[in-house]
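Have a look at the sequence and fold first, and then we'll go through the details.

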Amino acid sequence: MERDRKRSDDTESGFSRAGRLAIMFWTMAKIGCFTFGGGWSIIGQIQIEFVEKRKWMTEEEIIDFMSLAKSFPGIMIINMSVLCGYAMEGAPGALAAAFGLAAPAVAAIGLVTYFYDSLKSNLYVEKVLNGVRCVVIPIILQASWKLKDKSLTGTISCLLLAVSFGVCAFTDVSKPLVMTAGALLGLWVWRGGKSHGAA
């Protein structure tokens, strides 16, 4: 973790810790302004901001944090922001990232609640939301495509992808159960490879 915070110091050299926390807050707030579609679009935006633009994190870390965020109780996108913020600046970074991500949603919900009576049956609002939902899918697919090289590292991982997709898409099996099974299979495969390598 110290290594991660050191990398943050190098990336944002010249800024005090308060300055880096402010950057973290506003970066996550910008992402939070466009987090639609159940939150999965945040993965693509974090990948662009944290990996490509700012070099704060690696694609492997994004994938690991995404897996953890989905596994933990609570809202996935908040979990993801907390993990990313903590990796960069410890507990203050986790708070800055979480509050930054949540701030636009809280403001939007407050505004919509205030004008709810006039918005609930507005045809134009409904059409806008329909359009937003449509463009979320390509954002998610783009993020998945960019992260595939770090996730699909062999025949077994591709097979696990296919099987887990089939289970999630065509059965009512609990998603946490699928993830737990994937974690156990990954541990089994890793241990098998480790034993084979030791032999």
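Does Arg 17 count as buried, exposed or partly exposed? Arg 17 counts as partly exposed, because its relative accessibility is 39%.

## Ground rules

This is a predicted model, so local features need pLDDT of at least 70 and side-chain atom pairs count only at pLDDT 80 or more, while totals for chains, interfaces and linings use all residues. Residues are numbered from 1 along each chain as its sequence is written, and side-chain values use heavy atoms, leaving out hydrogens and water.

## The overall fold

The protein chain has nine helices and zero strands. Helices here are DSSP runs of H or I with at least four residues, strands are E runs of at least two, and numbering starts from the N terminus.

Of the 199 residues in the protein chain, 31% are buried. Take the contacts (heavy atoms within 4.5 Å) with a separation of 6 or more: 60% of them come from residues 24 or more positions apart. The chain exposes about 12600 Å², with 70% of that supplied by carbon and sulfur atoms; accessible areas come from the Shrake-Rupley method with a 1.4 Å probe, and for residues only the protein chains shown count as cover.

## Salt bridges

There are five salt bridges in the structure, each being a side-chain nitrogen of Lys or Arg within 4 Å of a carboxyl oxygen of Asp or Glu. In one of them, Arg 17 pairs with Glu 89, with the closest N and O atoms 3.3 Å apart. Arg 17 sits in helix α2 (residues 17-32) and Glu 89 in helix α5 (residues 76-114), so this pair ties together parts that are 72 residues apart in sequence. Glu 89 counts as buried because its relative accessibility is 2%.

Next up is Lys 30, which bridges to Glu 49 with the closest N and O atoms 2.6 Å apart. Lys 30 is in helix α2 and Glu 49 in helix α3 (residues 41-53), so the pair ties together parts that are 19 residues apart in sequence. Lys 30 is partly exposed at 40% relative accessibility, whereas Glu 49 is buried at 6%. Glu 49 also meets Arg 54 in a salt bridge (3.5 Å, N to O), and Arg 54 is partly exposed at 26%. Through shared partners, salt bridges join Lys 30, Glu 49, Lys 53 and Arg 54 into one network.

Ile 156, Leu 160, Leu 185 and Trp 188 make a nonpolar surface patch of about 410 Å². The elements giving two or more residues to this patch are α8 (155-170) and α9 (175-198). Patch residues have over 30% relative accessible area and no salt bridge; like charges are joined within 9 Å, and nonpolar side chains (Val, Leu, Ile, Met, Phe, Trp, Tyr) within 5 Å. Leu 185, found in helix α9, is partly exposed at 38% relative accessibility.

## Helix α4

Helix α4 (residues 59-71) has 13 residues and reaches 19 Å from its first C-alpha to its last, close to the expected 18 Å. That expected span is 1.5 Å times one less than the number of residues. The buried residues of α4 include Ile 62, Ile 63, Phe 65 and Met 66, and also Glu 59 and Glu 61.

How values were computed. Buried means under 20% relative accessible area, exposed over 50%, partly exposed in between (1.4 Å probe, protein chains only).
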